[in-house]
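Biologist: Please show me the model, and then let me put some questions to you about it.

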Amino acid sequence: MSTVNEVTDEASRKRFRRAKSDLGALERKNGRYGWIFISPWLIGFFLFYLLPMAASAFFSMLDFQLSVPDEATFIGADNWRRALFNDPNVWRSWVVTLRFAVINLPLGLAVAFGFALLLNSEYLRGKNLFRTLFYAPSVVPFIAATLIFSQVLNSQSGWVNRIIALFGVDAVGIDGIRWFDNPTLIPITFTFIGIWGVGNAILINLAGLQGVPTSLYESAAIDGAGWWRRMWNITIPMVSPVIFYNLVLGLVGLLQYFLQPFVLNGTTGYPEGATNFYMIYFYKQAFQFAQMGYGATLAWILFFVALVFTIVTFGTARYWVYYSGDST
Amino acid sequence: MKPMVTRRESTAFDEAAARLKRRRLLRQWVVTMVALALASVWLMPLLYAGVTSLKTRTQAADSPILPTEIAVFEYEGREYEVYEVPVDGGIESWALVNKGRESSEFVDPNDPEAGLILWEGRWRTLEPARSISFAWGNYPEAWEKINFPRLLGWTVFYATITLIGAVSSSALVAYGFARFKFRGRGVLFMVLMATIILPPAVTQVPSYAFFSWIGWTGTWLPLIVPQFFANAYNVFLLRQYFLTIPNEMEQAAAVDGAGPLKTFVAVILPQAIPAMTAVSLFHFFFAWNDFFGPLIYLVSNRDLQPISVGLTLFNGVYDTEPQLIMAASFITLVIPLVIFFFAQRIFIQGIVITGVDK
């Protein structure tokens, strides 16, 4: 936790210094207008965050069926005991979710970084065109992208298997590569869909690469450093804040992975529970079965898992994320 | 310098320069080719979707790569299939009229007046001539079956109304954080930023129970109303932009007697049009994609569903007709894609600001 505070303290101090120099006597007099301007968010935060969070904590101690609200009863920690110790589906869905994250996250980060390197290469002609082309799939609505991949990876008529078959692999047909029916392949299949939308990460990486001062490369060239050395000792440390940002947002997003498996398999978990992600299970309990109490408990577990992962990630930042003096 | 160089040195220098230039050109060629190859793989699914959406149902199920049909030619009131016939001058596309075991009679579609041509050989060994034919009818069929006007209408309605609410409220809040000094500002801003990593699930269950209690489930209200209270992404981006606007303009407005709200509307907002446009675009894409909320609140009310939910249900019903699903997907992606191409620069800048400054 301490590192999180250090980072935020540093940021807010900087913000404060900048704010102090910006603010004239006029604004100081009008300080109360600040409250008026931010009031929409304050009200919204209270109504749609604080209040529901408190209610959610309370719900997690109830046996509360939405269809019979009058019969809601207080059951203490029973929901928590059930979710943590007695419901094997909770653990199974976490295994599915984390296994997917472990495959998807590094691949996604690497692909985004690789594309950004390519787009930043001094030898690439037509940079703007390629940037547009690599970004374009990211504006395809998720639902359309998911449906397109469900066809292009179809074991019989999809082009991916046909292309693989060109290399002599028996990929097409019933005995071929069945991307959506083989539980072992499921994390890889969904990773394909996810990686198609890394456009934002590419652009942010690219901006990070463009921000590396050329003087660093020049002095490295004088010292005779080769491509790999420059990559490891200059490029990666200099863009590590960007990679860190993508890592945190990617991680929090993947813990809540829902749309793609839901669109393709609903809450069935097909094949063999391999698409039973945690959010799918949460949706099933909270909104299909309308179990408000147990649903709220599952939501809080998600919150704590996300919190622990975020804190741990922030904790590792000091070992590998490099903040140069003048970066914001 | 130049006159000092002797002729021999100068040619050596030129050669070295030419070598460097050649090496540079070679590298450019290699890198650009790699990018081109990657881009074709990257965009292949889009091409696949486009091609599949133009196939007939049988073609989509097992399928040649392209939507092809065996070509036919009408001769004297009847249709005959066209085959690739090897003749002395190469291969001709002829229509098979009279099938025989060892020899058959063909007609040349380019010159039917010439009458029947006798060809020696087994017609069964011939390849039928295929011609590309696009099943454009899939689009109107998908359009009607899915009831696209209704789905698109709701999505556009949702995107527009929440765009107005989210962008205007976020602009107010961002201005408050950017320009006014008040106690607790730093802490409040951190709290606002922290909501980005808060899983929405934590607030969804009681919100759902509450909205169902006041009878809002099955309507758009629970999805629209909360959007009018600003959100962290928009506030962050707009605040970054407001910070770059010089203070003098507001001071001048204040000297003229304008209050803060009037200053904001008349002086700041016109300056912030690029940032406002970027935020509006992001919001539009968010609304187009929004899924979980519309799913839980509108699953029971088919008449109000947006495209994201409607298409999911359609996929469940028509999973044996991939060509219709691809046509539907294409209709869905066309509007966002076109908007992106026209507003690229603003869009890309906005992403970079949110990503790099944070």
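The questions and answers below go through the model.

Biologist: What should be known before reading it?

Modeller: This is a predicted model, in which local features need pLDDT of at least 70, side-chain atom pairs count only at pLDDT 80 or more, and totals for chains, interfaces and linings use all residues. Residues are numbered from 1 along each chain as its sequence is written, while chains are lettered from A and ligands numbered from 1 in the order in which they are written.

Biologist: What is the mean pLDDT of chain A?

Modeller: pLDDT is the predictor's confidence in each residue, from 0 to 100. Over residues 1–7 of chain A it is below 50, and this stretch has 8 contacts in the model beyond near neighbours in sequence; a contact means C-beta atoms, placed from the backbone, within 7 Å. Where pLDDT is low, the predicted coordinates should not be read in detail. In chain A 89% of the residues reach 70 or more, and the mean is 88.

Biologist: How many residues does chain B give to the contact with chain A, and how many does chain A give?

Modeller: On the side of chain B, helix H14 (residues 322–357) supplies the largest share, 16 residues; helices (H or I, at least four residues) and strands (E, at least two) are DSSP runs numbered from the N terminus. By class that side has 49 nonpolar, 22 polar and 7 charged residues, where Ala, Val, Leu, Ile, Met, Phe, Trp, Tyr, Cys and Pro count as nonpolar, Asp, Glu, Lys and Arg as charged, and the others, Gly among them, as polar. The contact takes 78 residues from chain B and 82 residues from chain A.

Biologist: Which residues have the most contacts inside the largest nonpolar core?

Modeller: Such a core is a set of buried Ala, Val, Leu, Ile, Met, Phe, Trp, Tyr and Cys residues joined through C-beta atoms within 7 Å. Buried means 20 or more other C-beta atoms within 10 Å of the residue's own, exposed 12 or fewer, and partly exposed in between, with C-beta atoms placed from the backbone. The largest core has 147 residues, and those with the most contacts inside it are Ile202(A), Phe282(A), Val235(B) and Leu238(B).

Biologist: How many of the residues of helix H7 of chain A are buried?

Modeller: Among the buried residues of H7(A) are Ile143(A), Leu147(A), Phe149(A) and Gln151(A). The helix spans residues 142–152 and is largely enclosed by the rest of the structure, because its buried residues number 10 of the 11.

Biologist: How many bridges join S3(B) to S4(B)?

Modeller: Strands pair here if DSSP finds at least two bridges between them. S3(B) and S4(B) form a hairpin with 2 residues between them, and Val85(B) has Glu92(B) in S4(B) as its bridge partner. The two strands run antiparallel, and the number of bridges is 6.

Biologist: Which residue in S6(B) is the bridge partner of Glu105(B)?

Modeller: S5(B) pairs in the antiparallel sense with strand S6 (residues 116–120) of chain B over 5 bridges. The partner of Glu105(B) in S6(B) is Leu118(B).

Biologist: Which residue is joined to Tyr270(A) by a cis peptide bond?

Modeller: Most residues other than glycine have a negative phi, and most peptide bonds are trans. Here omega is about -10 degrees.

Biologist: Is Ala230(B) buried or exposed?

Modeller: Ala230(B) is found in the loop between helix H7 (221–224) and helix H8 (232–243) of chain B. Its phi is near 65 degrees, a positive value in a residue other than glycine. With 29 C-beta neighbours inside 10 Å, Ala230(B) counts as buried.

Conventions:
Two residues are in contact if their C-beta atoms, placed from the backbone, lie within 7 Å.
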